[in-house]
Amino acid sequence: MIGGGYVGLVSAACFAEFGLEVAVVENSPTRLAALREGRIPIYEPGLDRLVESNMQAGRLSFGDDIASAVKGAEAVFIAVGTPPRNGDGAADMQYVHAAARQIAHALTGYAVIVTKSTVPAGTSRRIAELVREARPDAEFDVASNPEFLREGNAIGDFMRPDRVIVGLDRTAPDGGARSEEVMRRVYRPLSLIEAPILFTTLETAELTKYASNSFLAVKISFINEMANLCEKLGADVHDLAKGMGLDGRIGRKFLHPGPGYGGSCFPKDTLALSRIGQEADSPCRLVETTVQVNDARKIGMAGRIIAACGGSVHGKTVAVLGLTFKPETDDMREAPSIPILHRLAEAGAVIHACDPVGNEAAKPVLPPSVRYFPDAIEAARDVDALVVLTEWTMFRSIAPKTLAGAMKGKVIVDLRNIFDPVAMRAAGLEYQSLGRP
């Protein structure tokens, strides 16, 4: 496994749990030292125990020597970052290409070079070209195996997936038969539990990941716009979403209004798919618009908070519950809290923040004036207003009377709809949520 980041580490630990021998190559000295000591540099429930047990069993190891890791391997997974390229949003492929060249020099026999990173269509064939250029004598095939892991539930998603997508080079002399046999053995534990495993072409597998994430982003932005409309017309977005979701063609998931999507995947992948469409002269207009709608949504939420505070937050203290882009992770990448808190700070607010695991990760990307609290009630004490930005379970259990007793002001802006409007108003709070009367 080339890359010990989120995708590489979770995948490696789960493959080891399957009973496979897995060597992870990580070139960051700090991250590598932590992994070797059993310290997990990311927050993912259950991952620490999974890594520890498989290290003790001798199935999972970490190092920085790609030659020793690749020696004798039947499958070599590339799980390095593909961040947005500055300027146009396209995926930056430099790390993937560098890994391909390193793998080429390290191959000692036949192996399937598998792309786990999210990459544009055509990347696997480009990897094959790079390997052949570096090692004309190398015996290998390429495959695409995109990940579909949700942060906070990654182990469950890997072990009990909705589907596994494997793209093969069907233009190879054997039609991809040899690489398919290897990949079937890699995923045999999942086939035994009848998890759907779809074998398709390289380009189809590569595009499927972008299409899936972009469709979900569209769905989120759609329900956010419906929440706005519900507020104008006096409708309830929760009942609306339930009415939509009961239609099997639509489904109930990702129909929860909020301050906009964030994280490591949706913002990056929607930008990348937009660029892929432009370069292929087949624009993805819905996706392009979704990107714009989501960016505007985050900025608009800051304005909504300011309006709820009477049109100004200058000199007022605002408590913010939740900073990470979603619960059960410490990931701050593209979190809605970033533009919202910067806007509030620029407007003169004093900000108290509380996130169960994200306080430290948030400090480098949030205004330096933000004060951090380990406890939600302490963060809310004597504040003029309180904002919910991430729907951590522990916040849902806070009693309205407890909040009312701790706060100096009465303004609550719930951007995740975690509280009961009737109960909040009965406690004397000036409660606002999204798309609900």
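From strand β8, Thr317, Ala319 and Leu321 point one way and Val318 and Val320 the other, and all of these residues are buried, where buried stands for under 20% relative accessible area, exposed for over 50% and partly exposed for anything in between, with a 1.4 Å probe and protein chains only. Because 5 of the 5 residues of β8 are buried, the strand is largely enclosed by the rest of the structure. Strands here are DSSP runs of E of at least two residues and helices are runs of H or I of at least four, numbered from the N terminus.

This is a predicted model, in which local features need pLDDT of at least 70 and side-chain atom pairs count only at pLDDT 80 or more, while totals for chains, interfaces and linings use all residues. Residues are numbered from 1 along each chain as its sequence is written, and side-chain values use heavy atoms, with hydrogens and water left out.

**The parallel sheet**

Strand β8 belongs to an open sheet of 6 strands with parallel pairing, ordered β10-β9-β8-β11-β12-β13, two strands being paired if DSSP finds at least two bridges between them. The edge strands, each pairing on one side only, are β10 (371-372) and β13 (430-432). Helix α13 (residues 285-308) packs on this sheet and touches β11 (385-388), β12 (411-414) and β13, its direction making about 160° with that of β12; contact means heavy atoms within 4.5 Å, and angles run from 0 to 180 degrees between N-to-C directions, with axes fitted as lines to C-alpha atoms, for helices over the stretch in contact. Strand β8 (residues 317-321) pairs with β9 (residues 350-354) in the parallel sense over 5 bridges, and leucine 321 stands opposite cysteine 354 in β9.

**The mixed sheet**

Another open sheet has 5 strands in the order β3-β4-β5-β6-β7, and its pairing is mixed. Its edge strands are β3 (75-78) and β7 (197-201), each of which pairs on one side only, and neighbouring strands are turned by 30° against each other on average, direction ignored. Helix α8 (residues 177-186) packs on this sheet, where it touches β3, β4, β5, β6 (164-168) and β7, and its direction makes about 80° with that of β3. The strand pairings are compared below.

| Strand pair | Sense | Bridges | Opposite residues |
|---|---|---|---|
| β4 (111-115) and β5 (140-144) | parallel | 5 bridges | threonine 115 and serine 144 |
| β5 and β6 | antiparallel | 2 bridges | serine 144 and glycine 167 |
| β6 and β7 | parallel | 5 bridges | valine 164 and isoleucine 197 |

Strand β6 is covered on both faces, with Val164, Val166 and Leu168 on one side and Ile165 and Gly167 on the other, all of them buried. Since 5 of the 5 residues of β6 are buried, this strand is largely enclosed by the rest of the structure.

**Helices α10 and α12**

Helix α10 lies across β5, β6 and β7, running at about 120° to β7. The axes of α10 (residues 202-233) and α12 (residues 266-279) come within 9 Å and cross at roughly 115°, and the two helices are therefore roughly perpendicular to each other, a label that covers 65 to 115 degrees, whereas angles under 35 count as roughly parallel, over 145 as roughly antiparallel and the rest as oblique. Residues of α10 including Tyr210, Asn213 and Ala217 meet residues of α12 including Phe266, Asp269 and Leu273. Aspartate 269, placed in helix α12, is buried with a relative accessible area of 0%; leaving aside its neighbours within four places in sequence, this aspartate is in contact with Thr118, Lys209, Tyr210, Asn213 and Ser214.

**Nonpolar cores**

A nonpolar core is a set of buried Ala, Val, Leu, Ile, Met, Phe, Trp, Tyr and Cys residues joined through side-chain atoms within 4.5 Å. The largest one has 42 residues, of which Met1, Phe15, Val22, Leu47, Leu60, Phe62 and Tyr187 touch the most other members, and helix α1 (residues 6-17) supplies its largest share, 9 residues. A second, separate core of 31 residues includes Ile2, Ile113, Ala128 and Ala272.

Methionine 1 touches, among others beyond four places in sequence, Phe15, Val22, Phe77 and Ala79. Alanine 79 sits in the loop between β3 and α5 (94-106) and counts as buried at 10% relative accessibility. Its C-alpha atom is separated by 5.1 Å from that of lysine 116, 37 residues apart along the chain.
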